[in-house]
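Please walk through the structure below step by step.

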Amino acid sequence: METTNPNWFLKARLKTRQLLLLIALDDYRNIHRAAEELHMTQPAASKQVKDLEEMLDVRLFERLPRGMEPTIYGETMIRHARMALTSLALAHDDIVALKAGLAGQVEVGVIMTPAMALLPRAIARIKEQAPLLRIGVQLESSNVLLDKLKHGTLDFMIGRILEKEDSTGLIYEELTEEPACAVVRPDHPLLDSRNLTLEELVGRPWILPPPGSILRHRFDMMFLRAGLQPPVNVVDTTALLLVTALLQQTDALHVMPQEVAQYYASLNVMRILPIDLPCKMDAFGIIRQQDHLLSPGAELLLGAVRAAAAEIY
(Lines give C-alpha, C1' and ligand atoms only; values in the text may rest on other atoms or scores of the structure.)
Protein backbone atom coordinates (compact mmCIF):
# COMPACT_ATOMS: atom_id res chain seq x y z
CA MET A 1 0.00 0.00 0.00
CA GLU A 2 1.20 3.52 -0.77
CA THR A 3 1.01 4.99 2.72
CA THR A 4 1.52 8.54 1.40
CA ASN A 5 -1.72 8.37 -0.62
CA PRO A 6 -4.42 10.16 1.44
CA ASN A 7 -7.15 8.66 -0.77
CA TRP A 8 -6.10 5.00 -0.51
CA PHE A 9 -9.66 4.04 0.46
CA LEU A 10 -10.86 5.07 -3.01
CA LYS A 11 -8.47 2.64 -4.64
CA ALA A 12 -9.44 0.01 -2.09
CA ARG A 13 -13.14 0.67 -2.72
CA LEU A 14 -13.64 0.69 1.01
CA LYS A 15 -17.25 -0.06 1.87
CA THR A 16 -19.30 1.32 4.73
CA ARG A 17 -20.19 -2.31 5.47
CA GLN A 18 -16.51 -3.06 6.10
CA LEU A 19 -16.38 -0.23 8.65
CA LEU A 20 -19.49 -1.61 10.36
CA LEU A 21 -17.90 -5.06 10.35
CA LEU A 22 -14.72 -3.76 11.99
CA ILE A 23 -16.78 -2.21 14.78
CA ALA A 24 -18.91 -5.35 15.21
CA LEU A 25 -15.76 -7.49 15.43
CA ASP A 26 -14.40 -5.15 18.07
CA ASP A 27 -17.67 -5.38 20.02
CA TYR A 28 -18.15 -9.16 19.80
CA ARG A 29 -14.61 -10.47 19.09
CA ASN A 30 -16.29 -13.27 17.12
CA ILE A 31 -16.76 -13.46 13.34
CA HIS A 32 -20.00 -15.45 13.60
CA ARG A 33 -21.71 -13.01 16.00
CA ALA A 34 -20.42 -9.99 14.03
CA ALA A 35 -21.79 -11.47 10.79
CA GLU A 36 -25.16 -12.14 12.44
CA GLU A 37 -25.31 -8.59 13.75
CA LEU A 38 -24.88 -7.26 10.20
CA HIS A 39 -27.14 -9.93 8.63
CA MET A 40 -24.20 -11.36 6.65
CA THR A 41 -22.96 -14.87 6.16
CA GLN A 42 -19.78 -15.82 7.97
CA PRO A 43 -17.86 -16.49 4.70
CA ALA A 44 -18.87 -13.07 3.35
CA ALA A 45 -17.69 -11.37 6.55
CA SER A 46 -14.40 -13.26 6.50
CA LYS A 47 -13.82 -12.26 2.86
CA GLN A 48 -14.41 -8.56 3.60
CA VAL A 49 -11.88 -8.63 6.44
CA LYS A 50 -9.38 -10.51 4.25
CA ASP A 51 -9.84 -8.03 1.36
CA LEU A 52 -9.18 -5.12 3.71
CA GLU A 53 -6.09 -6.78 5.18
CA GLU A 54 -4.70 -7.43 1.72
CA MET A 55 -5.21 -3.84 0.67
CA LEU A 56 -3.54 -2.50 3.83
CA ASP A 57 -0.89 -5.24 3.76
CA VAL A 58 -1.25 -5.81 7.51
CA ARG A 59 -3.02 -8.28 9.77
CA LEU A 60 -5.96 -6.55 11.45
CA PHE A 61 -7.05 -9.43 13.70
CA GLU A 62 -5.40 -12.40 15.36
CA ARG A 63 -7.49 -15.53 14.77
CA LEU A 64 -7.75 -17.30 18.13
CA PRO A 65 -9.47 -20.60 19.04
CA ARG A 66 -12.26 -18.74 20.86
CA GLY A 67 -12.58 -15.67 18.63
CA MET A 68 -10.66 -12.77 17.13
CA GLU A 69 -8.46 -10.15 18.78
CA PRO A 70 -7.57 -6.86 17.01
CA THR A 71 -3.88 -6.20 16.42
CA ILE A 72 -2.41 -2.74 16.86
CA TYR A 73 -3.28 -2.15 13.18
CA GLY A 74 -6.79 -3.40 13.79
CA GLU A 75 -7.26 -1.10 16.78
CA THR A 76 -6.18 1.84 14.63
CA MET A 77 -8.64 0.98 11.84
CA ILE A 78 -11.44 0.38 14.34
CA ARG A 79 -10.87 3.79 15.95
CA HIS A 80 -10.99 5.54 12.60
CA ALA A 81 -14.00 3.49 11.50
CA ARG A 82 -15.92 4.69 14.53
CA MET A 83 -14.89 8.30 13.83
CA ALA A 84 -15.90 8.04 10.16
CA LEU A 85 -19.33 6.59 10.94
CA THR A 86 -19.92 9.15 13.68
CA SER A 87 -19.04 11.90 11.21
CA LEU A 88 -21.49 10.48 8.67
CA ALA A 89 -24.22 10.34 11.33
CA LEU A 90 -23.53 13.99 12.17
CA ALA A 91 -23.71 14.84 8.47
CA HIS A 92 -27.23 13.43 8.37
CA ASP A 93 -28.17 15.49 11.45
CA ASP A 94 -26.71 18.60 9.81
CA ILE A 95 -28.75 18.04 6.64
CA VAL A 96 -31.91 17.57 8.69
CA ALA A 97 -31.11 20.77 10.61
CA LEU A 98 -30.56 22.73 7.40
CA LYS A 99 -33.84 21.45 5.96
CA ALA A 100 -35.62 22.45 9.16
CA GLY A 101 -34.27 26.01 9.07
CA LEU A 102 -31.25 25.48 11.30
CA ALA A 103 -33.10 23.97 14.22
CA GLY A 104 -30.89 22.17 16.71
CA GLN A 105 -28.73 22.86 19.74
CA VAL A 106 -25.49 24.83 20.10
CA GLU A 107 -23.57 24.87 23.39
CA VAL A 108 -21.09 27.70 23.92
CA GLY A 109 -19.02 28.63 26.95
CA VAL A 110 -17.99 32.20 27.78
CA ILE A 111 -16.10 34.15 30.43
CA MET A 112 -17.53 37.35 31.89
CA THR A 113 -16.15 40.08 29.62
CA PRO A 114 -17.27 38.71 26.22
CA ALA A 115 -20.57 37.74 27.87
CA MET A 116 -21.40 41.44 28.32
CA ALA A 117 -21.36 42.64 24.71
CA LEU A 118 -19.70 40.26 22.24
CA LEU A 119 -21.80 37.12 22.68
CA PRO A 120 -25.16 38.92 23.10
CA ARG A 121 -24.56 40.79 19.83
CA ALA A 122 -23.67 37.54 18.04
CA ILE A 123 -26.70 35.70 19.45
CA ALA A 124 -29.07 38.53 18.52
CA ARG A 125 -27.78 38.42 14.96
CA ILE A 126 -28.14 34.63 14.72
CA LYS A 127 -31.68 34.65 16.14
CA GLU A 128 -32.73 36.89 13.25
CA GLN A 129 -31.47 34.28 10.78
CA ALA A 130 -32.31 31.08 12.65
CA PRO A 131 -35.00 31.64 15.32
CA LEU A 132 -35.43 27.88 15.87
CA LEU A 133 -31.77 27.36 16.79
CA ARG A 134 -31.47 26.62 20.51
CA ILE A 135 -28.37 28.25 22.01
CA GLY A 136 -27.10 27.14 25.40
CA VAL A 137 -24.66 29.50 27.13
CA GLN A 138 -22.48 28.52 30.09
CA LEU A 139 -20.79 31.38 31.98
CA GLU A 140 -17.78 30.06 33.88
CA SER A 141 -14.06 30.64 34.39
CA SER A 142 -11.73 29.60 31.58
CA ASN A 143 -10.37 26.52 33.33
CA VAL A 144 -13.88 25.15 33.96
CA LEU A 145 -14.92 25.83 30.36
CA LEU A 146 -11.76 24.21 28.96
CA ASP A 147 -12.54 21.03 30.87
CA LYS A 148 -16.07 21.00 29.45
CA LEU A 149 -14.75 21.70 25.94
CA LYS A 150 -12.32 18.78 26.13
CA HIS A 151 -15.12 16.50 27.33
CA GLY A 152 -17.24 17.45 24.33
CA THR A 153 -20.06 19.24 26.17
CA LEU A 154 -19.29 22.56 24.44
CA ASP A 155 -19.12 23.26 20.70
CA PHE A 156 -16.68 26.11 21.34
CA MET A 157 -15.86 28.66 24.02
CA ILE A 158 -14.74 32.26 24.38
CA GLY A 159 -12.06 32.52 27.03
CA ARG A 160 -8.37 32.19 27.62
CA ILE A 161 -5.86 29.34 27.70
CA LEU A 162 -3.86 29.64 30.90
CA GLU A 163 -0.15 28.81 30.94
CA LYS A 164 -0.72 25.77 33.15
CA GLU A 165 -3.43 24.36 30.87
CA ASP A 166 -2.70 21.71 28.25
CA SER A 167 -3.53 23.25 24.88
CA THR A 168 -2.91 20.07 22.85
CA GLY A 169 -5.61 19.55 20.26
CA LEU A 170 -7.07 23.05 20.70
CA ILE A 171 -7.39 25.90 18.20
CA TYR A 172 -7.10 29.41 19.66
CA GLU A 173 -8.13 32.61 17.83
CA GLU A 174 -7.15 35.68 19.87
CA LEU A 175 -9.76 38.44 19.97
CA THR A 176 -8.53 41.17 22.34
CA GLU A 177 -6.77 42.00 25.59
CA GLU A 178 -8.75 42.71 28.75
CA PRO A 179 -7.78 45.92 30.63
CA ALA A 180 -9.06 46.40 34.19
CA CYS A 181 -10.40 49.50 35.92
CA ALA A 182 -11.59 50.67 39.34
CA VAL A 183 -15.30 51.24 39.93
CA VAL A 184 -17.35 52.85 42.71
CA ARG A 185 -20.98 53.78 43.42
CA PRO A 186 -22.39 56.65 41.28
CA ASP A 187 -22.10 59.39 43.96
CA HIS A 188 -18.72 58.38 45.36
CA PRO A 189 -16.55 61.36 46.51
CA LEU A 190 -13.51 60.14 44.53
CA LEU A 191 -15.34 60.73 41.25
CA ASP A 192 -14.64 64.46 41.58
CA SER A 193 -10.90 63.89 42.09
CA ARG A 194 -8.36 64.77 39.44
CA ASN A 195 -5.01 63.10 38.81
CA LEU A 196 -5.74 60.16 41.12
CA THR A 197 -2.71 58.02 42.02
CA LEU A 198 -2.26 54.51 43.40
CA GLU A 199 -0.97 56.07 46.63
CA GLU A 200 -4.40 57.65 47.16
CA LEU A 201 -6.18 54.33 46.56
CA VAL A 202 -4.03 51.91 48.54
CA GLY A 203 -5.55 52.81 51.93
CA ARG A 204 -9.15 52.69 50.70
CA PRO A 205 -11.53 49.75 51.31
CA TRP A 206 -11.65 47.36 48.33
CA ILE A 207 -13.86 44.53 47.09
CA LEU A 208 -11.54 42.15 45.24
CA PRO A 209 -11.46 38.76 43.54
CA PRO A 210 -10.14 36.12 45.96
CA PRO A 211 -6.39 35.41 46.33
CA GLY A 212 -5.20 32.93 43.73
CA SER A 213 -7.29 34.40 40.92
CA ILE A 214 -5.54 35.97 37.92
CA LEU A 215 -7.07 39.42 38.39
CA ARG A 216 -6.19 39.50 42.10
CA HIS A 217 -2.58 38.57 41.32
CA ARG A 218 -2.34 41.30 38.66
CA PHE A 219 -3.98 43.80 41.04
CA ASP A 220 -1.55 43.07 43.90
CA MET A 221 1.45 43.19 41.54
CA MET A 222 0.31 46.61 40.29
CA PHE A 223 0.82 48.08 43.78
CA LEU A 224 4.05 46.15 44.45
CA ARG A 225 5.59 47.46 41.21
CA ALA A 226 4.72 50.98 42.38
CA GLY A 227 6.61 50.36 45.64
CA LEU A 228 3.41 49.99 47.66
CA GLN A 229 1.93 47.17 49.70
CA PRO A 230 -1.42 45.95 48.30
CA PRO A 231 -4.59 47.11 50.10
CA VAL A 232 -5.40 45.26 53.34
CA ASN A 233 -8.94 46.55 53.96
CA VAL A 234 -10.47 43.99 51.61
CA VAL A 235 -13.60 41.92 51.06
CA ASP A 236 -12.91 38.88 48.85
CA THR A 237 -15.75 37.91 46.51
CA THR A 238 -16.65 37.48 42.84
CA ALA A 239 -20.43 37.50 43.43
CA LEU A 240 -21.61 40.51 41.41
CA LEU A 241 -24.89 40.85 43.35
CA LEU A 242 -22.91 41.20 46.57
CA VAL A 243 -20.34 43.48 44.93
CA THR A 244 -22.98 45.91 43.64
CA ALA A 245 -24.80 45.90 47.01
CA LEU A 246 -21.58 46.64 48.90
CA LEU A 247 -20.67 49.41 46.48
CA GLN A 248 -24.06 51.05 46.97
CA GLN A 249 -23.82 50.92 50.79
CA THR A 250 -20.13 51.78 51.33
CA ASP A 251 -17.27 53.88 49.96
CA ALA A 252 -15.48 50.72 48.81
CA LEU A 253 -13.77 50.39 45.42
CA HIS A 254 -13.88 47.36 43.16
CA VAL A 255 -11.62 46.20 40.32
CA MET A 256 -13.15 44.57 37.26
CA PRO A 257 -12.60 44.20 33.49
CA GLN A 258 -13.21 47.50 31.74
CA GLU A 259 -15.80 46.16 29.30
CA VAL A 260 -17.86 44.76 32.17
CA ALA A 261 -17.56 48.04 34.06
CA GLN A 262 -18.73 50.01 31.02
CA TYR A 263 -21.85 47.84 30.83
CA TYR A 264 -22.77 48.47 34.47
CA ALA A 265 -21.92 52.16 34.13
CA SER A 266 -24.41 52.39 31.24
CA LEU A 267 -27.07 51.08 33.64
CA ASN A 268 -26.05 53.70 36.26
CA VAL A 269 -25.18 50.91 38.70
CA MET A 270 -21.58 52.05 39.15
CA ARG A 271 -19.03 54.54 37.82
CA ILE A 272 -15.47 54.09 36.54
CA LEU A 273 -12.86 56.02 38.52
CA PRO A 274 -10.84 58.55 36.47
CA ILE A 275 -7.54 56.67 36.73
CA ASP A 276 -5.84 54.38 34.21
CA LEU A 277 -4.83 51.32 36.17
CA PRO A 278 -1.63 49.62 34.92
CA CYS A 279 -3.43 46.31 35.32
CA LYS A 280 -4.87 43.98 32.71
CA MET A 281 -5.83 40.37 32.18
CA ASP A 282 -4.38 38.14 29.49
CA ALA A 283 -6.01 38.26 26.07
CA PHE A 284 -9.02 36.03 25.43
CA GLY A 285 -10.25 34.44 22.24
CA ILE A 286 -12.26 31.70 20.55
CA ILE A 287 -11.20 28.19 21.57
CA ARG A 288 -12.37 24.99 19.92
CA GLN A 289 -11.26 21.41 19.53
CA GLN A 290 -9.11 20.73 16.49
CA ASP A 291 -10.84 17.48 15.49
CA HIS A 292 -14.40 18.49 16.42
CA LEU A 293 -16.70 19.03 13.44
CA LEU A 294 -19.11 21.86 14.16
CA SER A 295 -22.78 21.61 13.22
CA PRO A 296 -24.18 24.20 10.78
CA GLY A 297 -25.77 26.04 13.72
CA ALA A 298 -22.48 26.13 15.64
CA GLU A 299 -20.64 27.31 12.51
CA LEU A 300 -23.23 30.05 12.08
CA LEU A 301 -22.83 31.25 15.67
CA LEU A 302 -19.03 31.07 15.42
CA GLY A 303 -19.13 33.27 12.32
CA ALA A 304 -21.37 35.74 14.10
CA VAL A 305 -18.96 35.89 17.06
CA ARG A 306 -16.07 36.65 14.69
CA ALA A 307 -18.09 39.38 12.95
CA ALA A 308 -19.16 40.94 16.24
CA ALA A 309 -15.56 40.85 17.54
CA ALA A 310 -14.37 42.70 14.42
CA GLU A 311 -16.96 45.42 15.10
CA ILE A 312 -16.34 45.74 18.85
CA TYR A 313 -12.59 45.23 19.16
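A residue is called buried when its relative accessible area is under 20%, exposed when it is over 50%, and partly exposed in between, with a 1.4 Å probe and protein chains only. The model is predicted: local features need pLDDT of at least 70, side-chain atom pairs count only at pLDDT 80 or more, and totals for chains, interfaces and linings use all residues. Residues are numbered from 1 along each chain as its sequence is written, and side-chain values use heavy atoms, with hydrogens and water left out.

Helices (H or I, at least four residues) and strands (E, at least two) are DSSP runs, numbered from the N terminus. D57 is found in the loop between α4 (42-56) and β1. At 62% relative accessibility, D57 is exposed. Its phi is near 60°, a positive value in a residue other than glycine. R29 is not a glycine either, and has a positive phi of about 55°. Most residues other than glycine have a negative phi. R29 is found in the loop between α2 (16-28) and α3 (31-37), and its relative accessible area of 28% makes it partly exposed.

The strands come next. Two strands pair if DSSP finds at least two bridges between them. Strand β1 (residues 61-64) and strand β2 (residues 67-70) are antiparallel and pair over four bridges. With two residues between them, β1 and β2 form a hairpin. In this pairing R63 stands opposite M68 in β2.

Strand β9 has two pairings to follow. Strand β6 (residues 170-184) runs antiparallel to β9, and four bridges join them. Here A180 stands opposite P257 in β9. Strand β7 (residues 206-208) pairs with β9 in the parallel sense over two bridges, and W206 stands opposite L253 in β9. β9 is mostly covered, as five of its five residues are buried.

Rings of Phe, Tyr and Trp (its six-membered ring) pair if their centres lie within 6.5 Å; planes under 30 degrees apart count as stacked, over 60 as edge-to-face and the rest as tilted. Searching the whole structure gives four aromatic pairs. In one of them, F219 and F223 have ring centres 5.1 Å apart and planes at 65°, so the pair is edge-to-face. F219 and F223 are four residues apart in helix α10 (residues 214-225), which separates them by about one helical turn. Both F219 and F223 are buried. The rings of Y263 and Y264 are also edge-to-face, because their centres are 5.3 Å apart and their planes are at 80°. Y263 is partly exposed at 35% relative accessibility, whereas Y264 is buried at 16%. Ring pairs link W206, F219 and F223 into a cluster.

How many disulfides are there? A disulfide is a pair of cysteine sulfur atoms within 2.5 Å, and by this rule the count is zero. C181 is in no disulfide, and the nearest cysteine sulfur, that of C279, is 9.8 Å away. C279 is likewise in no disulfide. C181 is buried, with a relative accessible area of 3%, and C279 is buried, with 4%.

The pockets complete the tour. On a 1 Å grid over the protein atoms alone, a pocket is an open set of points with protein on both sides within 12 Å along at least five of seven lines, and lining residues have an atom within 4 Å of a point. Grid points are joined across faces, edges and corners, and a volume is the space filled by probe spheres set on the points. The largest pocket has a volume of about 930 Å³. Its lining has 32 residues, of which S141, R160, S213, I214 and M281 lie nearest the centre. Among the elements that give two or more residues to this lining are α10 and β9.

The second largest pocket has a volume of about 350 Å³. Helix α5 (residues 72-99) gives the most to its lining, with five residues. Other parts of the chain also take part, and the lining residues include G152, G169 and H292.

Technical notes: On a 1 Å grid over the protein atoms alone, a cavity is a set of points where a 1.4 Å probe fits but cannot get out, and a pocket is an open set with protein on both sides within 12 Å along at least five of seven lines; lining residues have an atom within 4 Å of a point.
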